[in-house]
Amino acid sequence: MPRFYIDVRGHFGTREDLLGTDLPDVAAARSEALRIAGEILSSWSGTLPSYYDEIAIEVRGEDLRPLVTIPYDEFVKGTGAVGLIDAAE
């Protein structure tokens, strides 16, 4: 099973996932990223609106290249993720 790394990026830096998670495919990694975003969304409630554009969840593959980026406004609205590299699917 491939390993995916789910990072949280924001104005004050990136919280890198150093361990990764074994998941069956990119779709499962995207779902896991959305789940994580939902868990930490409440901690971002005090963030200044001017920083929202800088918040994103990024999924990296085993080669550590970005596969999917989910911008703040997309996971807040629940509209899903934007795939950057579809070749891994």
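This is a predicted model: local features need pLDDT of at least 70, side-chain atom pairs count only at pLDDT 80 or more; totals for chains, interfaces and linings use all residues.

Residues are numbered from 1 along each chain as its sequence is written, and side-chain values use heavy atoms, with hydrogens and water left out.

The chain has two helices and six strands. Helices here are DSSP runs of H or I with at least four residues, strands are runs of E with at least two, and both are numbered from the N terminus. Along the sequence the pattern reads β-β-β-α-β-β-α-β.

Of the 89 residues, 37% count as buried. Buried means under 20% relative accessible area, exposed means over 50%, and partly exposed lies in between, with a 1.4 Å probe and protein chains only. The accessible surface of the chain is about 5,300 Å², and 53% of that belongs to carbon and sulfur atoms. Those areas come from the Shrake-Rupley method with a 1.4 Å probe; for residues, only the protein chains shown count as cover.

Now strand 4. It covers residues 56-60, and five of its five residues are buried. Which way do they point? Ala 56, Glu 58 and Arg 60 point one way, Ile 57 and Val 59 point the other way, and all are buried.

Strand 4 has two partners to look at here. It pairs with strand 1, residues 3-10, in the antiparallel sense over five bridges; two strands pair if DSSP finds at least two bridges between them. In this pairing, Arg 9 stands opposite Ala 56. Strand 4 is also joined to strand 5, residues 66-71, by five bridges, and these two run antiparallel. Glu 58 has Thr 69 as its bridge partner in strand 5, and Arg 60 stands opposite Pro 66. Strands 4 and 5 form a hairpin with five residues between them, and Leu 64 in the turn has a positive phi of about 70°.

Next, the core. A nonpolar core is a set of buried Ala, Val, Leu, Ile, Met, Phe, Trp, Tyr and Cys residues joined through side-chain atoms within 4.5 Å. The largest one has 18 residues, and Phe 4, Ile 57, Val 59 and Phe 75 have the most contacts inside it. Strand 1, helix 1, strand 4, strand 5 and helix 2 (72-77) each supply at least two residues of this core. Helix 1 gives the largest share, six residues.

Contact means heavy atoms within 4.5 Å.

Last, two residues that touch each other. Glu 32 sits in helix 1, residues 26-40. Why does Glu 32 count as buried? Because its relative accessibility is 19%. Beyond its neighbours within four places in sequence, Glu 32 is in contact with Ile 6 and Leu 23.

Leu 23 lies in the loop between strand 3 (21-22) and helix 1. Leu 23 is buried too, at 12% relative accessible area.
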